[in-house]
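Here is a short report on how one protein model is put together. Keep the sequence and the 3D view open while you read.

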There are 2 protein chains.
Amino acid sequence: MKILICGLGLIGASLAKTLKKNTAHYVMGWNRTEAVMKKALAEGAVDEIGELSDLIPKADITIVNFYTEAIVPFVLEHRNEFKEGSIVTDSCGIKTKICRTLEKEDFPFYFIGAHPMAGREVSGYDNSLATLFDKASFICTPTNAPKAQVDTLTELAKEMGFARTVVTTPEHHDEMIAFTSQIAHVLACSYVLSPLAPQHPGFSAGSYRDVSRVARINGEMWSELFVANKEPLIREIDDLVSNLEKFRQGIEAEDFETLESLMAQANKIKEEIG
Amino acid sequence: MKILICGLGLIGASLAKTLKKNTAHYVMGWNRTEAVMKKALAEGAVDEIGELSDLIPKADITIVNFYTEAIVPFVLEHRNEFKEGSIVTDSCGIKTKICRTLEKEDFPFYFIGAHPMAGREVSGYDNSLATLFDKASFICTPTNAPKAQVDTLTELAKEMGFARTVVTTPEHHDEMIAFTSQIAHVLACSYVLSPLAPQHPGFSAGSYRDVSRVARINGEMWSELFVANKEPLIREIDDLVSNLEKFRQGIEAEDFETLESLMAQANKIKEEIG
């Protein structure tokens, strides 16, 4: 297959490098900043670069790797250029808004939202890795695409070396991502905003390091993701605050029974599920 | 020197193994469960085991590794047995309560509170490691001990291979530990108590893994530590909840400026301080 990667930042370029490393597909790349796509070509991360109007019509699969708000406009702008019967997908971290908007359109191609679940605290082409998805889940959230096209996409993910593929609804994806990813970033940031954070060296060990890691964050990208997934994320923040208040009350009242019960439940989840 | 380790759980036995590995000191060990100290002797983690009444009077340094509430009673109970001029220290994660109680006593030995800052999600002798403190800080919080004895203790920590030694007040220690360690555990537990946690496999990556790691926790030990450090920890919980509410309001109002500013501050702390 000919696969086009639009946007060669951290995720797009890591997808390109993974395709080149683990599959025999022909990889085309496009990036708004021309220097980046030239570098990708020179380094062998892609087989071909060029103008979008040349590349798009040739692609059997197009993977759009832009900020949340740019996905739908891009697909609509190029709706008449995508090859008939081809698959168009994306790698954005939220799915409901994108998939439920695009399913209303009558396209001659198949749009299938996807989320290759990996990231780094750093961004951009220069931080992309052919190993970024080695232990990752590939989640896709088809709405009106036929099973054959969904299978093509998940088979490709397996061929690329993703550890796991998951097919679910956009809504379930977004609810789960609010919990596993978004609230984790919100709480890591909220944590390091304590006035004591700058004094931590000498007083910190593994728990500070791990809990605060994802506070190294691209605020522009994550603001968009948070707002685009407002309802599920606010539910998670409210749940988290409610649990923190239970700890606070238990500590204030020296209520060992409540504290031990809360920690026993948390420990059980980590022991049984991880 | 002859060094006595009282309590051969995760921390005590790791201290014993580190002393044996990196120093030439003679290491004595005692544990309430006799089988554990016999195992430690058989495995070479200590040079000698026996009755407390035999071991205590021989020790130049005694390190008490018990739960928070057991430290002061143990030191008081054996106050007439410790060698004159010797150093008695502990490894408990909170310091004010212990150090400010014991400084009121007139001892013929020197009590210097200490906190070797490392841990694991698992506990007990069988999980102890000679490498547990390799990248760790050794914090000590002397109140009325002379400089010579404080130096003896910090020199020993350096000899053992601690990456860093810090001398501070019990109060500053406790405030910093409320931030770097205790609140990190409270928030990891509060996080995994979300009703969505059991469904996370397939939807989680590095952020879930890291932020939730320390929710694998010994609730009995941590309840004691939390309550013993009530005021600083409640301040940290309140700060955290207040920061979470700022995110919540920003998301609800789609206020990108506030969200980006919060994340820019958090990112700056991680980039500049770590």
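Two strands pair if DSSP finds at least two bridges between them. Helices (H or I, at least four residues) and strands (E, at least two) are DSSP runs, numbered from the N terminus. This is a predicted model: local features need pLDDT of at least 70, side-chain atom pairs count only at pLDDT 80 or more, and totals for chains, interfaces and linings use all residues. Residues are numbered from 1 along each chain as its sequence is written, chains are lettered from A and ligands numbered from 1 in the order in which they are written, and side-chain values use heavy atoms, with hydrogens and water left out.

## The sheet

Strands of a sheet pair through backbone hydrogen bonds, either parallel or antiparallel. In chain B, 8 strands make an open sheet with mixed pairing. Their order is E3-E2-E1-E4-E5-E6-E7-E8. Strand E3 (48-49) and strand E8 (164-167) of chain B are at the edges. Each has a single partner strand, so one side of each has no neighbour in the sheet.

Chain A also has an open sheet of 8 strands, in the order E3-E2-E1-E4-E5-E6-E7-E8, with mixed pairing. Here the edges are taken by strand E3 (48-49) and strand E8 (164-167) of chain A.

| Strands | Bridges | Direction |
|---|---|---|
| E1(A) (residues 2-6) and E2(A) (residues 26-30) | 5 bridges | parallel |
| E5(A) (residues 87-90) and E6(A) | 3 bridges | parallel |
| E6(A) and E7(A) (residues 137-141) | 4 bridges | antiparallel |

Look at single partners next. Ile5(A) has Gly29(A) in E2(A) as its bridge partner. Helix H1 (residues 10-22) of chain A packs on the sheet, where it touches E1, E2, strand E4 (61-64) and E6 of chain A. Contact means heavy atoms within 4.5 Å. The direction of H1(A) makes about 160° with that of E1(A). Axes are lines fitted to C-alpha atoms, for helices over the stretch in contact, and angles run from 0 to 180 degrees between N-to-C directions.

## Strand E6

How many of the 7 residues of strand E6 (residues 110-116) of chain A are buried? The count is 6, so E6(A) is largely enclosed by the rest of the structure. Buried means under 20% relative accessible area, exposed over 50%, partly exposed in between (1.4 Å probe, protein chains only).

Thr89(A) is opposite Ile112(A) in E6(A). From E5(A) the chain crosses through helix H5 (residues 96-102) of chain A to E6(A), and this β-α-β crossover is right-handed. That means that, with the strands pointing away from the viewer, the path from the first strand over the helix to the second runs clockwise. Toward E7(A), Ala114(A) has Cys140(A) as its bridge partner.

In chain B, 4 bridges pair E6(B) and E7(B) in the antiparallel sense. One of the bridge partners is Thr141(B) in E7(B), which faces Gly113(B). Helix H7 (residues 170-192) of chain B packs on the sheet and touches E6 and E7 of chain B. Its direction makes about 140° with that of E7(B).

## A loop residue

Met117(B) lies in the loop between strand E6 (110-116) and strand E7 (137-141) of chain B. Is Met117(B) buried or exposed? It is buried, at 6% relative accessible area. Leaving out residues up to four places away in sequence, its contacts include Phe203(A), Ser204(A) and Ala205(A), as well as Ile139(B) and Ile177(B).

## Aromatic pairs

A pair of aromatic rings is described by the distance of the centres and the angle of the planes. Rings of Phe, Tyr and Trp (its six-membered ring) pair if their centres lie within 6.5 Å; planes under 30 degrees apart count as stacked, over 60 as edge-to-face and the rest as tilted. Over all chains, 20 aromatic pairs are found. Phe66(A) and Phe74(A) have ring centres 4.9 Å apart and planes at 80°, so they are edge-to-face. Phe66(A) is partly exposed at 24%, whereas Phe74(A) is buried at 7%. Trp30(A), Phe66(A) and Phe74(A) form one aromatic cluster.

## Two copies
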